[in-house]
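I opened a notebook page for this entry. The plan is to go from the whole chain to single contacts.

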Amino acid sequence: MSKAILFFALLLFSCSGNTNEISYDDLKEKVQADSLYTQINSLEVFQSQMNVEKAKAQNKTKLNVFSLFKVVFSFFTEPLSIVESLGEIVPSLVPANRYRIKENERIYFSEKERYRVELANRILKSKAIYLSLVAAQNVKASTEEAVERLEKLRRFALAREATRHIPYGASKRIEILISNLKNDELTQLELSALADTDSLAQVLNVPVTQELMIAQIPLPDVSEYEPIVYQDFIARVLSESPELQQNSYLAEVIPFMHKEVKYSFIGTSDISRGRGGGPFEHISIEGGMGVGRKPTNEIIRAQMEILSAQRTLISEELTARLKQAVTRFNSYLERVREYQTSVADSVRLHDISMNNPQLLRKTDFEFLIDEIMRIREQETLLNVSLVDFLMTQETLNRLMFTADFDDIDSEYPNFLPSEEKPRDAVMSVAYRIGGAQNLMSESLNQLENQFSWEALNNANYYFEQANRFFIASTSDEKIIKKGLKKAAKKMGPENLCGATVIPRAEFERMNSICNTLSEFACANDISQYVQHVEGFVTTLLTLELNIDNTSCEGWVQF
């Protein structure tokens with residue numbers, strides 16, 4: 001098949017004067033920078049962020065001379081309303097207002113995860129359209145080669161008809177086939193490609209007045225791949241899923257809503273939960289000591305059950321999508337190898353016939369015509385299968401957030417409990433991670449004796465939690481000084497290290513187990529652990545806490 005075509009250009013409007021060249025490697029950057037859909041999603045996240053700031057502003061004290069006079073006046077005229085007056089002047093005295101801020105923070109985090117989902121899906125969609133254009137280009141090349149073979153055969157048929165070695169009509173039939181391929185097949189390919197180009201231009205926000213050109217890409221060499229097993233990827237897919245993380249953040253809203261109800265006798269909050277509060281906006285919380293508190297709690301509890309059921313559905317859907325992608329991967333891998341062998345054999349036999357005059361004169365023209373059309377069909381199937389194989393790889397990358405999707409990461413926002421003092425927040429999370437570390441150590445022992453997915457998930461969980469802690473506790477100067485440093489002094493540096501950082505030998509054990517599994521069986525957090533733990537330990541060492549002879553020091557080389 002001809003490989004000479006480097007670019008496949010499609011003119012969106014005949015009057016366009018500009019050219020916009022896009023390569024396959026540019027798609028991610030283009031979607032992030034230029035797609036209007038991405039801009040809309042980004043602005044929605046920004047709205048959620050600003051809603052948190054707005055909620056905090058609404059919770060600030062509104063004390064001035066006039067409000068103070070109102071409180072004093074209420075004390076003498078309506079003593080029972082003084083609590084209400086104080087709540088209006090100092091909103092933070094109403095617990096519901098403080099809880100509503102926490103709810104808005106979790107909703108903002110969930111919106112960020114939704115942004116990751118939308119961006120990843122948009123990138124995957126652009127890749128699918130691009131690869132559809134590549135497939136169309138390759139099928140077009142196969143069809144043009146079939147036309148060339150038929151033209152060569154037609155010229156030979158005309159010569160044989162002229163010398164009356166064959167009856168008249170063979171050349172005419174070949175001519176009709178050539179016309180059909182040019183007028184029907186190639187035209188249909190161009191129309192299909194034009195529609196795909198319009199779709200790609202829309203996704204990338206390319207002006208319709210520009211000519212869109214896509215660079216041809218090398219198709220994968222399937223000899224480098226082996227069949228895969230979907231169980232090897234389950235842990236990675238579930239641990240990296242922003243869909244599940246979004247659900248988790250929404251579930252974190254529920255406890256604060258219960259607290260709102262609990263303290264509703266002091267007052268309720270008028271602070272909005274913002275655009276991401278959709279799942280909770282129908283739940284109204286009434287003030288006072290009324291009988292509505294119990295049904296309100298039941299409604300909130302039912303919402304938690306809904307989120308739990310949704311989480312199960314998301315996990316099942318992700319697992320099903322993974323299984324389908326792995327099945328397609330293995331199927332295309334086998335199919336491509338069969339088509340490659342079939343195409344090579346057919347082309348070799350056809351070339352032998354066409355390049356040997358004596359053999360050509362003895363070969364039936366109907367057989368040669370069918371052979372050319374069969375080669376064209378096999379090449380088409382091969383090209384489409386290769387593109388489908390590549391698209392299946394991209395689907396797997398999307399599910400596991402690898403390759404072009406690997407840096408569309410969560411920022412682990414406010415992993416430390418913001419309702420606690422920085423020192424207490426660092427300590428509470430450190431103790432929690434200590435529990436995860438103990439569970440990981442047990443899982444390591446189990447994995448070395450007998451593999452189980454539950455043990456691997458438990459080990460993955462420690463690394464995810466530890467990385468989030470390392471980032472959260474060292475990314476802000478205030479947290480470092482008032483949280484990390486004070487927590488280290490309170491707990492003792494060796495205890496803080498022992499709770500949060502595993503010995504290097506334990507990490508090497510985990511790394512060794514991961515190396516015996518498939519490439520993506522272990523969560524991405526394991527490969528990123530060294531970078532984050534060394535950043536954490538380096539920060540501790542700068543605080544002059546005398547952490548010699550602890551499990552931390554071995555992670556940093558001086």
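**Whole chain**

What percentage of the 558 residues of the chain count as buried? I found 48%. I note at the start that this is a predicted model.

I then looked up the secondary structure and found 18 helices and 3 strands in the chain. I also checked the contacts in the chain with a separation of 6 or more: residues 24 or more positions apart account for 83% of them.

**Strand 3**

I turned to strand 3, residues 210-215. Is it enclosed or open to the outside? I counted 6 of its 6 residues as buried, so strand 3 is largely enclosed by the rest of the structure.

I sorted its side chains by direction. Gln210, Leu212 and Ile214 point one way, while Glu211, Met213 and Ala215 point the other way. Residues of both sets are buried. I recall that side chains in a regular strand alternate between the two faces of the sheet.

Which strand does strand 3 pair with? I found strand 2, residues 18-22, joined to strand 3 by 5 bridges, with the two running parallel.

**Salt bridges**

How many salt bridges does a search of the whole structure find? I got 26. I went through several of them.

I began with a pair inside helix 5, residues 95-162. Arginine 149 forms a salt bridge with glutamate 145, and I get 3.8 Å between the closest N and O atoms. The two residues are 4 residues apart in helix 5, about one turn of the helix. Are they buried or exposed? I find both arginine 149 and glutamate 145 buried.

For glutamate 175 I have a relative accessible area of 38%, and for lysine 172 I have 41%. Why do I call them partly exposed? Buried requires under 20% and exposed over 50%, so the 38% of glutamate 175 falls in between, and so does the 41% of lysine 172.

I then looked up glutamate 243, which forms a salt bridge with arginine 398, the closest N and O atoms being 2.7 Å apart. This pair links distant parts of the chain, with glutamate 243 in helix 8 (residues 242-251) and arginine 398 in helix 12 (residues 365-400), 155 residues apart. Glutamate 243 is buried at a relative accessible area of 13%. Arginine 398 is buried as well, at 1%.

I also noted a network of salt bridges that links Lys56, Glu105, Arg106 and Glu252.

**Helix 1 against helix 5**

At what angle do the axes of helix 1 and helix 5 cross? I get roughly 130°, with the axes of helix 1 (residues 27-34) and helix 5 coming within 9 Å. That angle makes helix 1 oblique to helix 5. I recorded the crossing as right-handed.

Which residues of helix 1 meet helix 5? I listed Leu27, Lys28, Val31 and Gln32. On the helix 5 side I listed Leu119, Arg122, Ile123, Ser126, Lys127 and Tyr130.

Key
Residues numbered from 1 in each chain as written. Predicted model: local features only at pLDDT ≥ 70, side-chain atom pairs only at ≥ 80, totals over all residues. Heavy atoms only, no water. Buried < 20%, exposed > 50% of the residue type's maximum accessible area, 1.4 Å probe, protein only. Pairing = 2+ DSSP bridges. Salt bridge = Lys/Arg side-chain N within 4 Å of Asp/Glu carboxyl O. Axes fitted to C-alpha atoms, helices over the stretch in contact; angles between N-to-C directions. Parallel < 35°, antiparallel > 145°, perpendicular 65-115°, else oblique. Left-handed = near helix turned anticlockwise from the far one by under 90°. Contact = heavy atoms within 4.5 Å.
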